[in-house]
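Morning, everyone. Please bring up the model on your screens.

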Amino acid sequence: MGEQPPLQSAPEKVYYDGCPGCAMDRRKEIREGVPYKELLFVGTTTFASALPITSLFPFLYFMIRDLHVAQREEDIGFYAGFLGASYMIGRGLASVFWGIIADRIGRKPVIAFSVFSVIVFNTLFGLSVKYWMAIATRFLLGALNGFLAPVKAYSIEVCRPEQQALGISIVSTAWGMGVIIGPAIGGYLAQPVKQYPHLFHEKSVFGRFPYLLPCLFISFFATLVFISCAWLPETLHKHKGLERAVEMVEGSTAQERTEPPKKSLLKNWPLMSSIITYCVFSLHDTAYVEIFSLWTVSNRKYGGLSFSSKDVGQVLTVAGASLLVYQLFAYRWVDKTFGPIRSTRISSALSIPIITAYPFMTNLSGIRLGVPLYIAAMLKSVFAITRVTGTSLLQNNAVPQEQRGAANGIATTAMSLSKAFAPAGAGIIFSWAQKRQHAVFFPGDQIVFLLLNLTELIGLILSFKPFLAVPQQYK
């Protein structure tokens, strides 16, 4: 019998002097613990970028009224929907561009520029005195904030493989907290002359611009985060022009790695199927946040709860705090026990009965209303962040690093377009529902929450085979 040919060893890993991606990889191999410093940066920058997205919802109803664009009270929801959608339209048009830029020049510069855009355009939105100005500043805020695609890639790249679920969950949790605490800031700080007359005079700048204070508060926090970006380490591999390998794993001779040909992202079905599922859930979540805010502040004669913007802010603050507790004490166990796919399905299924209960809460008052409303809001937030994290993990593990920014850009574009449709559609449907309080078939806001549940059900169905193709490592 002939001799067996010698087994070929796997391609050796080459590190290049001066490459930030190689420096990060070496750091990950040496360090076995959680990268707390990098994840702290990820969390704070994500939180700052997410705050302005929904901070306007508690005062959106009153802002549209004060801009005198709606002729009737029932039409406010119609105009509110388009203002809420303008941010997502801008982000949807630009996200692929920012993802490609992040794959070429690095994650750090795109993240820093995005935070800077929050400082500028969020402040200008608070100074809006015309409806067109509010629309324009929100659109530019979305178009120039290309944050989400690079930060998702970054959160994966600073973690060892066994820590990637934690990294992407930090993004999802910080984003979810920003999306929830943003309305709390808007609710507490909007119209300060009316809410805190002993602190703010009617002739002050906050009397002339009643919605400036929450925007300034968020912009100030974003300024601190922007400064901290100077210490953010880069993770993108930059080998062009680097000719010398300075370190190799297992002491072999220096050689270039042979890389497999890149697969077209649009033909990558595990990526595209997870993006589709992600978009359906994102559409639902955005519509839910706007409808919840509009529903709670609308008059009880229209099926609402007659809450003030401050009351809404308080509910959303508690819901945001529950996300932090969940992230610190429960999520890692959930991911380890169920994995990203099963946890997505379970959280989606459990969201349906919660949404079903909302329209019946209008028959309650006092503590009998407060307790179930707070519990429902907290559980809904936890379930939403669980499935967003699960689908984000699937997306980022379906592509190699050099395509991760572009892949997240496609996901963010698709998600932003669905989120652009969500507030506009939700506002129109909400305005229509308030005019049919005495209908026989799902009167008033019941039809709104029914449509929310149908969207949730579609997302749940899409999380099963054959609709969802699972990346190899999760099979």
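Start with three helices: α2 (36–54), α8 (164–189) and α13 (309–329). Each of them supplies at least two residues to the lining of the second largest pocket. Bear in mind that this is a predicted model.

Which helix gives the largest share of that lining? It's α2, with six residues.

Now the pocket itself. Its volume is about 430 Å³. The lining counts 16 residues, and five of them sit closest to the centre: Leu39, Ile170, Leu324, Gln327 and Leu328. Find those on your screen.

Next, the domains. The chain is divided into domain 1, residues 17–236, and domain 2, residues 267–474. The contact takes 56 residues from domain 1 and 51 residues from domain 2. And the pocket draws on both: at least three lining residues come from domain 1, and at least three from domain 2.

How far apart are the C-alpha centres of the two domains? They lie 19 Å apart.

Then the buried area. Domain 1 and domain 2 bury about 4,600 Å² between them, and 66% of that is on carbon and sulfur atoms. On the domain 1 side, look at Phe57, Glu74 and Ile180. Together they supply 13% of the area that domain 1 buries against domain 2, more than any other three residues.

Technical notes
Residues numbered from 1 in each chain as written. Predicted model: local features only at pLDDT ≥ 70, side-chain atom pairs only at ≥ 80, totals over all residues. Heavy atoms only, no water. 1 Å grid on protein atoms, 1.4 Å probe; cavity = no way out; pocket = protein on both sides within 12 Å on 5 of 7 lines; lining within 4 Å. Points joined across faces, edges and corners; volume = space filled by probe spheres on them. Helix = DSSP H or I, 4+ residues; strand = E, 2+ residues; numbered from the N terminus. Domains from an automatic or database assignment. Contact = heavy atoms within 4.5 Å. Buried area = accessible area lost by both parts, 1.4 Å probe.
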